[in-house]
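Trainee: I would like to learn how to read helix packing and disulfides in a structure such as the one shown here. Could we take the two features in turn?

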Amino acid sequence: MTKKGPHFIPWIFRVAGACLIMAGCTSAPQYQPPPQPEIPTDLTQAALIPYPVSVAASGGVFHITGETRIYVTGPDAAQQVAQALSDLISPAMGTSLQVMPTDAPPPPGHISLTLNPADIALGEEGYQLSITPEGISLSAPQPVGLFWGVQTLRQLMPVAVEARTVQAGPWIIPTGTIRDYPDYAYRGSMLDVARHFFGMDEVKRYIDFLALYKLNTLHLHLSDDQGWRIEIKSWPNLTAHGGSTEVGGGEGGFFTQEQYKELVRYAQARYITLIPEIDMPGHTNSALASYPELNCDGKAPKLYTGTNVGFSTLCTDKEVTYAFIDSVVREISALTPGPYFHIGGDESHATKKEDYIPFVNRVTEIVLKHGKQPIGWDETAQANINNRSVIQLWASAEYGQMGVGKGASLIMSPANKAYMDMQYDSTSRLGLHWAAYIEVDSGYSWNPATRIPGIGREHILGIEAPLWSETISTLDDIEYLTFPRLPGYAEIGWSPDTVRNWEKYRKRLAAHGARFKAMEIDYYPSPKIDW
Ligand code: TNX
């Protein structure tokens with residue numbers, strides 16, 4: 001055995017030894033304990049968006065571990081929500097939380113999901129979440145409430161839960177009770193897949209974003225001058241030709257009816273209703289280019305890849321126009337379990353007013369005949385509408401008031417507050433600014449029920465934040481304009497006015513920055529927020 005001299009002592013002991021001798025030495029390598037995550041024990045301080053109606057803290061914590069089970073009582077729909085919860089948190093925990101259907105009262109120490117139709121104070125979509133050190137009990141009158149309660153639970157968990165790879169934990173949740181239900185029944189966003197086409201994966205991810213923030217409606221703008229994006233079997237050239245390009249001359253695209261059904265199912269599993277929009281009589285160049293007979297002069301125009309508006313119109317006094325619309329509404333309605341069909345009706349500057357009103361009247365009847373309730377942009381309030389129509393206010397207070405006067409209910413999307421295609425400020429890399437620059441505080445700080453004289457809470461179905469796509473063509477672009485504004489619209493739609501407060505909201509939103517990162521969302525880091 002070779003005798004080793006002191007020069008064989010590993011360097012680390014030598015440095016440590018030297019430091020023992022030299023008093024006051026501070027350069028010794030010291031043991032660094034791993035950083036302890038701050039243990040959140042005050043439920044009222046949780047960064048929940050939208051903020052719940054009521055939150056009471058009890059100061060303790062519940063640990064979710066690999067041993068935690070999800071007990072569920074109730075029909076298939078409730079069990080699917082329990083499975084969704086398991087699927088949501090299992091990847092980051094690295095273990096699959098077991099779902100246990102049961103009719104017996106669930107044992108303590110676990111998570112339980114229960115339907116409680118007797119709790120009518122929670123309304124259609126509400127839920128109650130009771131968290132103690134011994135377990136979590138989520139109850140709701142309907143499965144949809146369980147689903148929204150799961151989203152709250154998700155936001156109460158450490159943000160690492162959003163990662164799709166195994167994370168360290170611990171999976172700790174503060175204790176207390178939340179009772180919660182939405183202010184407005186309609187809470188939506190619109191995605192324009194016509195100016196630039198976005199495909200299945202992009203739309204599904206967008207649906208995921210809505211679900212996290214308890215938005216229950218996705219309005220898809222499926223046709224415009226630049227492209228027709230949904231297969232119509234009886235008018236196949238709409239997509240074959242009309243779907244073949246987009247703004248800037250890219251290749252465009254469209255959804256087959258099978259794909260559209262898949263989107264409907266994907267949204268339904270997240271309690272989100274799809275609303276299809278076929279914009280007419282203006283915004284129709286792609287249809288006019290596909291079928292010459294829809295033009296008054298019988299000649300098909302060229303496809304259009306610019307961004308002007310207001311130059312196209314269906315020929316309102318040809319019968320074939322209404323046969324065409326009937327087929328389109330019939331085929332799309334058959335794919336649509338939701339109650340609404342959006343007929344557009346905006347910016348029809350190439351249609352004479354005396355033609356526009358009878359056109360909207362007739363299209364309204366076609367939509368009703370196919371079992372759907374028509375929604376139109378605010379200009380459609382000029383037609384002979386009544387309480388069967390919904391008016392989506394985007395630009396005109398006067399048309400909004402006219403719609404309310406005729407008995408229609410309103411969706412509030414004022415462009416200078418709710419349009420997510422508006423730039424944040426003059427330096428934003430994407431977006432337009434014809435309506436306003438909309439920084440995060442401006443997008444958050446308004447009240448749909450007091451914005452327009454004569455239009456009150458009782459006239460309003462809800463709010464919607466549209467995302468037009470003239471300037472955006474990738475998922476990153478979508479994310480940049482959507483985040484961080486979307487959570488603010490979700491809060492306006494869900495939380496009562498009395499709990500909405502910009503100073504508090506901006507702190508909660510800051511905490512969501514880490515969640516966006518874990519979800520790999522390419523958000524705009526607004527200087528209004530201390531990220
Ligand atoms: C106005 S909003 C439009 C859209 C544009 C949008 C751009 C509405 C009903 N019409 O055609 O895409 O502005 O911000």
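Mentor: Let us begin with a cut-off for the angle between two axes: angles under 35 degrees count as roughly parallel, and those over 145 as roughly antiparallel. Please keep in mind that this is a predicted model.

Trainee: How is a pair of packed helices described, and what are the angle and the distance between the axes of α4 and α13?

Mentor: Two packed helices are described by the angle between their axes and the distance between the axes. Here helix α4, residues 200-212, packs against helix α13, residues 475-482, at an angle of about 25°, and their axes are 11 Å apart. The two helices α4 and α13 are therefore roughly parallel to each other, and their crossing is right-handed.

Trainee: Which residues in α4 and α13 meet?

Mentor: From α4 come E202, R205, Y206 and F209, which meet L475, I478, E479 and T482 of α13.

Trainee: Now to the disulfide: how many does a search of the whole structure find?

Mentor: A disulfide is a covalent bond between the sulfur atoms of two cysteines. The search of the whole structure finds one, formed by C296 and C315, whose sulfur atoms lie 2.0 Å apart. The torsion about their S-S bond is about 95°, so this disulfide is right-handed. Both C296 and C315 lie in the loop between α7 (285-290) and α8 (319-334), so the pair ties together parts that are 19 residues apart in sequence.

Trainee: Is C296 buried or exposed, and is C315 buried or exposed?

Mentor: C296 is exposed, with a relative accessible area of 57%, whereas C315 is buried, with a relative accessible area of 2%.

Terms used: Residues are numbered from 1 along each chain as its sequence is written. This is a predicted model: local features need pLDDT of at least 70, side-chain atom pairs count only at pLDDT 80 or more; totals for chains, interfaces and linings use all residues. Side-chain values use heavy atoms; hydrogens and water are left out. Axes are lines fitted to C-alpha atoms, for helices over the stretch in contact, and angles run from 0 to 180 degrees between N-to-C directions. Helices (H or I, at least four residues) and strands (E, at least two) are DSSP runs, numbered from the N terminus. Angles under 35 degrees count as roughly parallel, over 145 as roughly antiparallel, 65 to 115 as roughly perpendicular and the rest as oblique. A crossing is left-handed if the near helix is turned anticlockwise from the far one by less than a right angle, and right-handed if clockwise. Contact means heavy atoms within 4.5 Å. A disulfide is a pair of cysteine sulfur atoms within 2.5 Å. Buried means under 20% relative accessible area, exposed over 50%, partly exposed in between (1.4 Å probe, protein chains only).
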